[in-house]
Amino acid sequence: MADCLFCSIVAGDIPADVVLSTDTVVAFRDIEPQAPTHVLVIPKVHYENIGALGAEDPALAGHLADAARQVAEADGIGDAYRLVFNTGAGAGQSVFHVHGHVLGGRDLTWPPG
Ligand code: AMP
């Protein structure tokens with residue numbers, strides 16, 4: 001999609017620290033990490049948010065969840081990590097290409113802020 005930051009990362013037009021790439025999913029380290037592990041997992045195809053992805057391609061949503069597991073295990077946090085999908089500007093979403101934040105490597109409090 002034109003003017004989408006994460007589509008540009010998928011296309012290789014903007015550099016990213018990619019840790020996993022499959023036929024359908026890319027994972028790369030967040031540019032402003034909020035934890036020792038902070039990786040974004042995204043589908044290569046553009047969907048605005050996790051609701052749209054889940055409704056239109058639930059199998060791909062499953063691939064995203066499994067990519068998050070692989071990323072967490074590769075970083076040694078497979079036993080304790082958080083997978084967050086901010087959905088809508090009011091919930092903190094700032095990039096409107098669905099992405100799961102894989103967070104871990106420190107104590108994560110609940111409820112989140
Ligand atoms: P959200 O606020 O949930 O939409 O998350 C967007 C995330 O994208 C933020 O955590 C940003 O730090 C991250 N981000 C923005 N630009 C880049 C980039 N070029 N490479 C990696 N992460 C980015």
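User: On what basis are the residues and values reported?

Analyst: Residues are numbered from 1 along each chain as its sequence is written, and side-chain values use heavy atoms, leaving out hydrogens and water. As the model is predicted, local features need pLDDT of at least 70 and side-chain atom pairs count only at pLDDT 80 or more, whereas totals for chains, interfaces and linings use all residues.

User: What makes β1 and β2 paired strands?

Analyst: Strands are DSSP runs of E, at least two residues long, numbered from the N terminus, and two of them pair if DSSP finds at least two bridges between them. β1 (residues 18-21) and β2 (residues 25-29) are joined by 3 bridges and run antiparallel, so they meet the definition. Leu20 has Ala27 of β2 as its bridge partner, and a hairpin of 3 residues connects the two strands.

User: Why are β1 and β4 called edge strands?

Analyst: The open sheet has the order β1-β2-β3-β5-β4. β1 and β4 (82-84) each have a single partner strand, so one side of each lacks a neighbour in the sheet.

User: What makes a set of residues a nonpolar core?

Analyst: Its members are buried Ala, Val, Leu, Ile, Met, Phe, Trp, Tyr and Cys residues joined through side-chain atoms within 4.5 Å, where buried means under 20% relative accessible area (1.4 Å probe, protein chains only). The largest such set here has 17 residues, and Ala27 and Val71 are among those with the most contacts inside it. Helix α3 gives the largest share, 7 residues.

Note on methods
Helices (H or I, at least four residues) and strands (E, at least two) are DSSP runs, numbered from the N terminus. Buried means under 20% relative accessible area, exposed over 50%, partly exposed in between (1.4 Å probe, protein chains only).
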